[in-house]
Every structure is written in C-alpha cells, then in structure tokens.
Amino acid sequence: MVEQYKCLVADNCSAEGLKTFDKYPNISFDVKTKHTKDELIAMMPEYDAMIVRSATKADADVIAAGTKLKVIARAGAGYNNIDVEAANKKGVAVLITPTGNTNAVIELSLGLMLAWARHIPQADSSMKAGQWNKKQLKGSELKGKTLGVLGIGRIGGGVAKVCQAFGMETIAYDKFVTKEYAADLGVTLYEDLNEFLGKVDYLSLHVPVTDSTRGMIGKEQFEIMKETAVVVNCARGAVINEAELYSALVDKKIAGACIDVYSKEPANKEDFPFVTLDNVVVCPHLGASSAEAQVNVAALAADQIGQLLNNGKYIDCVNKKALGK
C-alpha cells in the first residue's frame, strides 16, 4: 500500500501552483492561513509537510509540535522565518524555491533603475496633480552607464544580461565565482570591492544576508562611490546600513537609491526615513510579487515535497548536509 501524506499550506499560495500536487495522489493538502501561533501549533501533529511563505514563522515550537513533520518548503528564496537549527535536530528537511521568482526580481530591478533615471514616479504624481513639469523632470539614460552587480548568481547574472541589452557596461564583485563564469555572462569580475565600487553608476545588490554581508554597504562604501551613483536593492534590506544610506543620500554622497527591501518589514517612514526623500524610489518588497512568480514558487514547493516524500529527492534543500543526505 502506498503511504499517504498530508501537507499544510500555512500561507497564501497560488491555487494554480498547488495543482502540482495532482501529480502525487498520495499527498493531500489543506490551506489554512491567518492563524495564531497557538492555532498553528495545535494543527501541526496532523501533517507530514508544510508550505510557508513569509508570514508564518516556523520556529522551534512549531517544528517540535509537528510530530509527523518531515519537510518544510518555503515558497520563495529566503528562509529566515524557518528555524533551520530546530529542523536539523528533528530531522526535518527545509526546502526553498530560488528559481521560481528569478525573472520577477530581475524585471523589478530594471524597472526601478528606469523609474529613477526618468523620474517616472514624480512625473506620474505631478500629472495627476494637474501639473506639466516637463523641463523639471529631464532624466538620464541607462545606455553607456556602468552597472555594478554585487553577487552574480541567477538573479544578479540575469540583471547583468538585461542591462547589457540596454547598452550598459556590466561589472561584478562576487568572491564565489570565477572570472571565466563572469566572462561567459559578458561581465568583468573585480577582486577588490573598493575598486569595483568606485566604477559603478548603478550598484545592484543580489546577495543574501549572512555574517559577512550584513551591513556591507555603509558609510565607508558610500564615500568611495561616485556622487552620481545610484544604489538598487532588491535583495535584503540588512545588506545595507540603512541609517548610513539615509545620511549618504541627504549629504549627496551618492545621487539616489531604489529600494524594495528593508531590514524590518512592513517598513514605515519613521524607521526608514529615506523612503520620503525625492532622490529615492521605493516599493513594499514587490520583488517576487508577480502573478507568474507566485504560480511558479507554489508549483515548485509542491513538486519538491512530492519528490522528497515519494522519491527521497532533496531538491534545493538548505540543510541537506546537516541531515546527512
């Protein structure tokens, strides 16, 4: 007899993407969102698997309550809302879906650059206010500018390729890739961060938050950059020292910023005063918020759970080594 499994979908996920579970008739799923922690803990003993996005915190208490729990899948790339150490101790696999929203983040990164360069937010708001500020809103072009990519993985490499089509020179800093890999992308790789930062017109960040990347762009780095440079962050807010970003923008150490992510979310202007500045374009963490990306990450999470439970395949498992797999 084929073993039967149940999966809890704890956060809002695309119904179309979850249809991927149809491939695995021995896996049923329940969508139960907007729960308290106590309600979640009470539900956990019933399930072998769980899908979360960013709202649900799969902490040590939640994981401990999952007496049958074998796998947690994050429908997205980041997994700071999952206690991986607690999962390791309990033998629970933690899966992510890093490829599902790649294109969405690439397109938003480019969209933010274009919005900043051509003053699109200001143009839109002034027109709606009945103004015609054509002369005041003269912008600049991306063509001929230098894009510096900090972290040239799937997303960073994709941003570089799209910007090359706009006629931008593309350079990168990434300690974990080779010059040959970068060259295949048409990107010049720098070994010295300061030399790299001094050349960029647009700095696009695409690194995770780790002990080595937390606050890696701050006052010292802004001092090195051109006064005409623009910082674009669609990665994680904590990669930038946000207080020092505000100072750099106010003091004109750099020309502007395009920010989609924050060290504390939801973000507000009291905690992050740079969102109110005229030389900043901001979004409420929209990187993965496309209809297509939401289908993709839900489908990938469902398929990865099916593959693990039925075939023992640990696809994009962040703690595979800790589990001895």
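Reader: In which sense do strands β6 and β7 pair, and over how many bridges?

Author: This is a predicted model, in which local features need pLDDT of at least 70 and side-chain atom pairs count only at pLDDT 80 or more, while totals for chains, interfaces and linings use all residues. Residues are numbered from 1 along each chain as its sequence is written, and side-chain values use heavy atoms, with hydrogens and water left out. Helices (H or I, at least four residues) and strands (E, at least two) are DSSP runs numbered from the N terminus, and two strands pair if DSSP finds at least two bridges between them. For β6, residues 146-150, the pairing with β7 is parallel and runs over 5 bridges.

Reader: Which residue of β7 is the bridge partner of G148?

Author: Strands of a sheet pair through backbone hydrogen bonds, either parallel or antiparallel. In the pairing of β6 with β7, which is of the parallel sense, the bridge partner of G148 in β7 is I171.

Reader: Which strands stand at the edges of the open sheet, and why is one side of each left without a neighbour?

Author: The open sheet is formed by 7 strands with parallel pairing, in the order β8-β7-β6-β9-β10-β11-β12. Each edge strand has a single partner strand, so one side of it has no neighbour in the sheet, and the strands in question are β8 (188-190) and β12 (280-282).

Reader: By what angle are neighbouring strands of this sheet turned against each other on average, and what angle does the direction of helix α7 make with that of β6?

Author: Axes here are lines fitted to C-alpha atoms, for helices over the stretch in contact, and angles run from 0 to 180 degrees between N-to-C directions. With direction ignored, neighbouring strands are turned by 20° on average. Helix α7, residues 154-165, packs on the sheet and touches β6, β7 and β9, where contact means heavy atoms within 4.5 Å. The direction of α7 makes with that of β6 an angle of about 170°.

Reader: Which residues touch the most other members of the largest nonpolar core?

Author: A nonpolar core is a set of buried Ala, Val, Leu, Ile, Met, Phe, Trp, Tyr and Cys residues joined through side-chain atoms within 4.5 Å, where buried means under 20% relative accessible area, exposed over 50%, and partly exposed in between, with a 1.4 Å probe and protein chains only. The largest core has 30 residues, and the elements giving two or more residues to it are β7 (169-173), α9 (193-197), β9 (202-205), α11 (242-250) and β11 (256-259). A second, separate core of 29 residues includes L108, L142, V149 and Y202. In the largest core, the residues touching the most other members are L150, F196 and L203.

Reader: How many disulfides are there, and how far is the nearest cysteine sulfur from that of C7?

Author: A disulfide is a pair of cysteine sulfur atoms within 2.5 Å. The sulfur of C163 is 11 Å from the closest cysteine sulfur, in C234, which is too far for a bond. The count of disulfides is 0, and for C7, which is in no disulfide, the nearest cysteine sulfur is that of C13, at 8.8 Å.

Reader: Is T56 buried or exposed, and which side chain does its own side chain join in a polar contact?

Author: T56 is found in the loop between β3 (49-52) and α3 (60-65), and a relative accessibility of 3% makes T56 buried. A polar contact is a pair of N or O atoms within 3.5 Å; within protein, one must be able to donate a hydrogen and the other to accept it, and residues adjacent in sequence count only if both atoms are side-chain atoms. At 2.6 Å, the side chain of T56 has such a contact with that of D11.

Reader: Where is the cis peptide bond at P266, and what is its omega?

Author: P266 is found in the loop between β11 and β12. The cis peptide bond joins E265 and P266, with an omega of about 0°.

Reader: What is the phi of H285, and is H285 in a helix or a loop?

Author: H285 is partly exposed, with a relative accessible area of 30%. Although H285 is not a glycine, its phi is positive, at about 50°. The place of H285 is in the loop between β12 and α12 (291-311).
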